[in-house]
Amino acid sequence: MKILGIHIGHDSSAALIVDGRLVADVADERFTRVKHYCGMPYQSIEYCLAAAGLKSSDLDVVALSSLSRITDLGYLFDIAAGTSEYILTREGRLVPIGRPVPAGGLAQLPLYISKLPLTSPTLVMHVEHHLAHAASAYYTSGHPGTQLVVTADGLGDGIPLAIWKGEQGRLTLLQSFPTSASLGWFFGNVTEALGWWHGDGEGKTMGLAPYGDPARAAGVLDPYYPKFAGGDLVEEHDFGPTHGWNEAGAYHWHMEDAGKIRKLVEQHGAEHLAAEAQRVLEEQMAAIIYPWLERVGTRNLSCAGGLFLNVKLNQRIWTSGKVDVQHIYPNPGDSGLAVGAALHAYHQLKPGSTVEGLPHLYWGPSYADEEIERVLAERHLEANFEEDIAGRVAGLLADNRIVGWLQGRMESGPRALGGRSILMSPTRAENKDIINARVKFREAFRPFCPSMLAEDAPAWLERHRPERFMITSFDAAPGRRERIPAVVHADGTVRPQTVEQDVNPLYWRLLDQFKRRTGVPVLLNTSLNIRGEPMICHPREAIRCFYDSGLDYLALGSYLLAKPGRDGH
Ligand SMILES: [Fe+2]
């Protein structure tokens, strides 16, 4: 069974699952080069089909992560006569929505965009936004047992927060909350007040928080968020009119609270406001999640939705001691909805299928050495072919050089996981500032994250568990913080990726070779891009980044590109 998942909105994406197994998944921003691209993900769909050697007419199901009709969403498909659209309900029922889609497609397109033909047995299904989030979490958890599933974001299909039970391969909605319960919007409004993009800069608010003291702004945000107690919404918040617009391909929001909160920023200081916002978010989510764990009678938790990009929140839940299993879908924002919609469709059509785990996120395009060689030759660039690229780069990193690293399939989700990374030694505190100043050009307070050998992780992390996706933070183990100062945040936490040999052998070898040279099984790993750009996908973009930044070396597959004067230094 071949199912194409599509999300159209901010962070548009497409994903393909074949017989229940994920085959490809990519956000369209990686192709359009517009961060959080909002539009029809043509290129992602083409990529997903090509990755599996399929044509659109081979598809059994197209699963859309929204209740909005395909007629409203655009004109992508050339639909055979008689095709109908359905809402795939939580209970697994297919409810036809309105008239059949007109044959021949919905609008005329320019000749250079080809419509995708669908044959009439293809089902076009709509999966509600939060249901798709819930499915992305539950069906990648690898746990058949009873779970509490929590989905939280700004708003999707009219809902900011929903509570589910996952059991025996089925998801049941326990409660959903209205717009007035949106903690995502609250945190976004604070982010806008601090001067950043609502829907993008929330990680900066979280990163700034440890520099402040919530007591210095205690209670000042109380009028701006909904209140929860015992798992229930006890005080709604009226967010007033919302303003949104698409600017240069990306979506932006504004709410009037942001202007009022900005005055508080001026009064109390940005870092203290950020600290208070983070405190509020953690406490409110705790007041939702812990009581629901009790109500459902489980210690297993799965989460998705953009709010769970907040790694400090995830750490707090983990260290509470109230959960034994915590699975956060590592692409929890809306770019993960294509996977969620497709997984929900699969498990409804094939009830009783196994709930698989998620070994990795390398679901994007890859480029073979021959292709990289051609890209280099076209640009008259000379690069060394390295028999052992991991060993060579480990030596450069041990020598404190900054290396761009493009290897294998690109990772889905917001974190670089060794497919498209900028790497440096974590052993010198000043390396954080060096990367910020020479390569990333970003705010000095933002932390960098470590990749570490999975087998060494227990010695470096407090209350360790395997964590492949940089989706939660841990306290760095005492006595180890000083060894890796460039990746330990102001509050003593790290947000790690633990790397297993069988999951990514090349990246594991790089870490292992670095450890052999330095005694440290850890690298500073940040995404291969410059501030404000989406993560790099193609080698040509990596080359552009290399020459437009202070990177010393660029490893493209087996090829190593050096800057004149930086070689051998
Ligand atoms: Fe969402």
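**Close-up views of a predicted model**

View 1. H129 and H133 sit four residues apart in helix α4, so about one helical turn separates them. Helices are DSSP runs of H or I with at least four residues, strands are runs of E with at least two, and both are numbered from the N terminus. This is a predicted model: local features need pLDDT of at least 70, side-chain atom pairs count only at pLDDT 80 or more, and totals for chains, interfaces and linings use all residues. Residues are numbered from 1 along each chain as its sequence is written, and side-chain values use heavy atoms, with hydrogens and water left out. H129 is buried at 6% relative accessibility. H133 is buried too, at 0%. Buried means under 20% relative accessible area, exposed means over 50%, and partly exposed lies in between (1.4 Å probe, protein chains only).

**View 2. The iron site.** The iron ion has the protein donors H129 (NE2), H133 (NE2), D153 (OD) and D334 (OD). They lie 2.1 to 2.3 Å from the ion. Donors are N, O and S atoms within 2.8 Å of the metal (3.2 Å for Na, K and Ca); water is not among the atoms, so sites may look incomplete. In sequence, the donor residues follow the spacing H-x3-H-x19-D-x180-D. Angles among the four donor atoms run from 91 to 167°, and the site is irregular. Four donors are tetrahedral if all angles lie between 85 and 135 degrees; four are square planar and six octahedral if opposite donors are over 155 degrees apart and all others between 65 and 115; anything else is irregular.

**View 3. Helix α4 against helix α10.** The axes of α4 (residues 129–138) and α10 (residues 337–349) come within 7 Å and cross at roughly 85°. The two helices are therefore roughly perpendicular to each other. Angles of 65 to 115 degrees count as roughly perpendicular, under 35 as roughly parallel, over 145 as roughly antiparallel, and the rest as oblique. Axes are lines fitted to C-alpha atoms, for helices over the stretch in contact, and angles run from 0 to 180 degrees between N-to-C directions. From α4, the contact uses H129, L131, A132, H133, A135 and S136; from α10, L337, G340, A341, L343 and H344. Contact means heavy atoms within 4.5 Å.

**View 4. Two loop residues with positive phi.** A248 is not a glycine, yet has a positive phi of about 50°. A248 lies in the loop between β15 (242–247) and β16 (250–255). A248 is exposed, at 70% relative accessible area. F441, also not a glycine, has a positive phi near 50°. The loop holding F441 runs between α13 (430–440) and β22 (449–453). F441 is partly exposed, at 37%.
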